[in-house]
Amino acid sequence: MLISPEEVRAYSVFESVKNRSDELLISDIIEGEAEVFKIVGHDFTSEKYQPLPEKAKIALIKMAQFFALINGDESIIKGYKSEKIGDYSYTLADGNAVSKPDVYNLLIDFIEPGEPPEDPGNVKLRLRSL
């Protein structure tokens with residue numbers, strides 16, 4: 001792992017993230033790393049990324065925090081728009097799904113050209129001149 005649970009807790013302002021166990025935060029970090037690696041096309045293990053650039057570190061932390069919030073909130077996972085239990089009520093903003101943080105601008109300098117990963121929904125076309 002490129003970041004630690006302690007770094008995610010130190011960055012986050014959300015109590016639910018700060019209170020997650022190390023084991024759960026490690027899973028969230030792994031999910032966040034997978035998303036970032038998909039964007040940049042590599043896993044930051046190359047020597048040119050040692051030490052890890054600060055922008056990449058922030059992108060990883062933001063993505064891990066996102067997964068910590070999503071994985072820690074049962075109502076988001078189930079897709080609830082609102083919930084009321086006694087005097088407590090919870091409403092997801094406008095009923096919209098929570099979206100991943102936009103870390104593209106943090107990662108743009110680290111994107112390496114290459115073959116895009118295989119995606120079953122991705123259609124490839126070959127063209128030839130006539």
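Is Phe-44 buried or exposed in this predicted model? Phe-44 counts as buried, because its relative accessibility is 0%; buried means under 20% relative accessible area, exposed over 50% and partly exposed in between, with a 1.4 Å probe and protein chains only.

Residues are numbered from 1 along each chain as its sequence is written.

**View 1. The largest nonpolar core.** A nonpolar core is a set of buried Ala, Val, Leu, Ile, Met, Phe, Trp, Tyr and Cys residues joined through side-chain atoms within 4.5 Å. The largest one has 23 residues, and those that touch the most other members are Ile-3, Val-8, Val-36, Phe-44, Ala-56, Leu-107 and Phe-110. The largest share comes from α4, with ten residues. Helices are DSSP runs of H or I with at least four residues, and strands are runs of E with at least two, numbered from the N terminus. Leu-107 is in contact with Val-36, Ile-39, Val-40, Phe-44, Ala-56 and Ala-59, when its neighbours within four places in sequence are left aside. Contact means heavy atoms within 4.5 Å.

**View 2. Leu-60 and its surroundings.** Leu-60 is part of helix α4, which covers residues 54-71. Leu-60 is buried because its relative accessibility is 0%. Apart from residues up to four places away in sequence, Leu-60 touches Leu-2, Ile-3, Gly-32, Glu-33, Val-36 and Leu-52. Between the C-alpha atoms of Leu-60 and Val-103 there are 8.6 Å, although these two residues stand 43 residues apart along the chain.

**View 3. Aromatic pairs.** A pair of aromatic rings is described by the distance of the centres and the angle of the planes. Rings of Phe, Tyr and Trp (its six-membered ring) pair if their centres lie within 6.5 Å; planes under 30 degrees apart count as stacked, over 60 as edge-to-face and the rest as tilted. The whole structure has five aromatic pairs. One of them joins Phe-37 and Phe-44 in a tilted arrangement, 6.5 Å centre to centre with 50 degrees between the planes. Phe-37 is partly exposed because its relative accessible area is 22%. Tyr-49 and Phe-110 make an edge-to-face pair, with 6.1 Å between the centres and 75 degrees between the planes. Tyr-49 lies in the loop between α3 and α4 and Phe-110 in the segment after α6 (104-107), so this pair ties together parts that are 61 residues apart in sequence. Both Tyr-49 and Phe-110 are buried. Phe-37, Phe-44, Tyr-49 and Phe-110 are linked by ring pairs into a cluster.

**View 4. Salt bridges between parts of the chain.** Side chains of opposite charge can pair when their charged atoms come close. A salt bridge is a side-chain nitrogen of Lys or Arg within 4 Å of a carboxyl oxygen of Asp or Glu. By this rule there are seven salt bridges. One of the salt bridges joins Asp-22 and Arg-9, whose closest N and O atoms are 2.7 Å apart. Asp-22 lies in helix α3 and Arg-9 in helix α1 (residues 5-11), so the pair ties together parts that are 13 residues apart in sequence. Asp-22 is partly exposed, at 32% relative accessible area, and Arg-9 is buried, at 19% relative accessibility. Lys-55 and Asp-109 also meet in a salt bridge, at 3.7 Å from N to O. This pair links distant parts of the chain, with Lys-55 in helix α4 and Asp-109 in the segment after α6, 54 residues apart. Lys-55 is partly exposed at 41% relative accessibility, whereas Asp-109 is exposed with a relative accessible area of 56%.

View 5. Lys-38 and Glu-35 form a salt bridge, with 3.9 Å between the closest N and O atoms. Both residues lie in helix α3, three residues apart, which is about one turn of the helix. Lys-38 is exposed, at 53% relative accessibility, and Glu-35 is buried, at 17% relative accessibility.

How values were computed: Predicted model: local features only at pLDDT ≥ 70, side-chain atom pairs only at ≥ 80, totals over all residues. Heavy atoms only, no water.
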